[in-house]
Amino acid sequence: MIVADKKPIEEIIEQVKDKKTVLVLGCNECVTVCEAGGKKEVGILASALRMYFLNQGQEIKIDEVTLERQCDHEYLEEIRDVIDRYDAVVSIACGVGVQFMAEKYHSTPIFPGVNTCFLGVTEERGLWTERCQACGSCILATTGGICPVSRCAKRLLNGPCGGSTGGKCEISKEVDCAWQLIVDRLKALDKMDDFETIAPVKDWSTDRAGGPRKVNREDVQP
Amino acid sequence: MQLKRKFETGEFAVLAEIEPPKGVDTSRMLASVKRVKGNVDAFVVPEMSNAVMRMSSLGGAMILQGLGVETVVQVCCRDRNRLALQADLLAASGCGICNVMAVTGEDPSYGDHHQARPVYDIDIFELLQAVQSLQSGRDMAGIEIGGAPEFMVGSTVNAGARGKSPELELEEMNKKMAAGAKFFITPPVFDKTALDPFLKRVDRSRAIIVPTVLLLKSLGMARYIQRNMEHVYIPDELIDRIRKAPDKVRECIHIAAQLITTLKQEGFHGVLIATLGWEDRLPEILELT
């Protein structure tokens, strides 16, 4: 899933302080799972903003809506009838949702209410960690199912580097060395031959290097 | 320092572009520079233009400085992060290079290593600010450095480029000036009037605008540019002129020389002559101006 984290409320206040009517717009998907932008967080953020502006003696009407998704036209259309009532929207979906909203509703300012962080997993409640950088050309088949692009600090495709000590990365003792994990896993799979082969130079054109990407699937298009 | 002096006194400066080799054989580059060094104030050494891998601008410039000529080294956001860019700037200064030009760099997909991941750790404005910071004795992390470099700082401006808004270009140039850029090199100009909408909005006592004069090599090249390089304007009359000429190369040299003369008369601070490997034609062009 896409993992996001709450933005400092001061940043959001700065964006909306001159508005009279604000919609806090949540998303029922990834950001709900990582407890940053779902219905519950919409309520918390809206309450916090109301309280702040009340204390400031400012009258700002703050409404709450949570959509099923903010990355699909059909769900964004649900607010078309009400969007003109608002001077601004604080979207607490990921950056994708914020942008799709901005594309759809040209004349309404859309502000991000979360920081979109990475593609990751829930290790335990309150702890989400990165697993994928969406490089567009998956190499997990040869790295024991552990991604060096997202998990090695240097994105080395032929690791580990000299900074790997006791299974930990040189950037922090808290961070596992991705290549130690890969080696351990390849050993468990009896696939150390994969480790001994030098990985070919990566084609980064499928990553952001080739500009904004698109997946164009004619087979599923109407 | 010749370039700085000329820019400051308003004397017309002649810059020439000289591509470093794709390889280590610098003999051609050196021979070209030796032939024209008396007529050129500074040599602009591109940093892997069009994202084609070749010897770096800093490397090429250092080699040319060995001939006693003045160079303009390019620093490019595409291939280096802030550590490397600052390190190269210090190295350039340490090697006696006193002119730098900040460029964004074309996307790797234009070049010959299209699978490469571009860097763009900082953009051109941040890079210009970094140069300013180094010149004031501190690096981008705010740490004091031992001895500050001094550069004549330049960048690019899309003046006269088709499909660009002159207002936006001006705004961008003003931002670059605020970040420390003093001189601005334009894309190739084939008709001085193409610059007019931009120039009308520019205070030329503040901004040093240096148009690029690109030497056409053939009718085919002129037509190719006209058809494929949307931002460059080549008038139909120019194409006709080359087409009708019995000696097309000679005509192209005349065209470049006439344009340089016009730009000089129009009060530009200088011109950058780009010959794309035909540096040996530079003396002929300059003789005609």
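**The helix contact and its surroundings**

Modeller: In chain B, helix α9 (residues 236–244) and helix α10 (residues 248–265) have axes that come within 8 Å of each other and cross at roughly 145°. On the α9(B) side the contact is formed by B:L238, B:R241 and B:I242, and on the α10(B) side by B:K248, B:E251, B:C252 and B:I255. Sorted by class, the residues of this contact comprise four nonpolar and three charged ones, with no polar residue. Please bear in mind that the model is a predicted one.

A further local feature of chain B concerns its backbone. B:Y120 is not a glycine, yet its phi is positive, at about 45°. This residue sits in the loop that links β4 (99–103) to α5 (124–135) of chain B. B:Y120 counts as partly exposed because 17 other C-beta atoms lie within 10 Å, whereas a buried residue would need 20 or more.

Chain B also meets chain A. Seven residues of chain A and eight residues of chain B take part in that contact. On the side of chain A that touches chain B, two residues are nonpolar, three are polar and two are charged.

Chain A itself contains eight helices and nine strands. Its C-alpha trace extends over about 65 × 45 × 25 Å along the principal axes. Of the 222 residues in chain A, 31% are buried. Where contacting residues of chain A are at least 6 apart in sequence, 56% of the contacts join residues at least 24 apart.

In one of them, strand β2 (residues 21–27) pairs with strand β4 (residues 88–91) in the parallel sense over four bridges, and A:V24 has A:V90 as its bridge partner in β4(A). β4(A) also runs parallel to strand β5 (residues 110–112) of chain A, to which three bridges join it. Within that pairing, A:V89 faces A:I110 of β5(A).

Five bridges hold strand β6 (residues 114–124) of chain A to β7(A) in an antiparallel arrangement, and A:V121 lies opposite A:T129 of β7(A).

The peptide bond from A:G159 to A:P160 is cis, with omega near -5°, and A:P160 belongs to the loop between α6 (148–151) and β8 (168–169) of chain A. A:D190 has a positive phi of about 55° although it is not a glycine, and this residue occupies the loop between α7 (178–188) and α8 (192–196) of chain A. A:D190 is classed as exposed because 7 other C-beta atoms lie within 10 Å, and the cut-off for that class is 12 or fewer.

Notes:
Residues numbered from 1 in each chain as written. Chains lettered and ligands numbered in written order. Predicted model: local features only at pLDDT ≥ 70, side-chain atom pairs only at ≥ 80, totals over all residues. Pairing = 2+ DSSP bridges. Helix = DSSP H or I, 4+ residues; strand = E, 2+ residues; numbered from the N terminus. Contact = placed C-beta atoms within 7 Å. Nonpolar A, V, L, I, M, F, W, Y, C, P; charged D, E, K, R; others polar. Axes fitted to C-alpha atoms, helices over the stretch in contact; angles between N-to-C directions.
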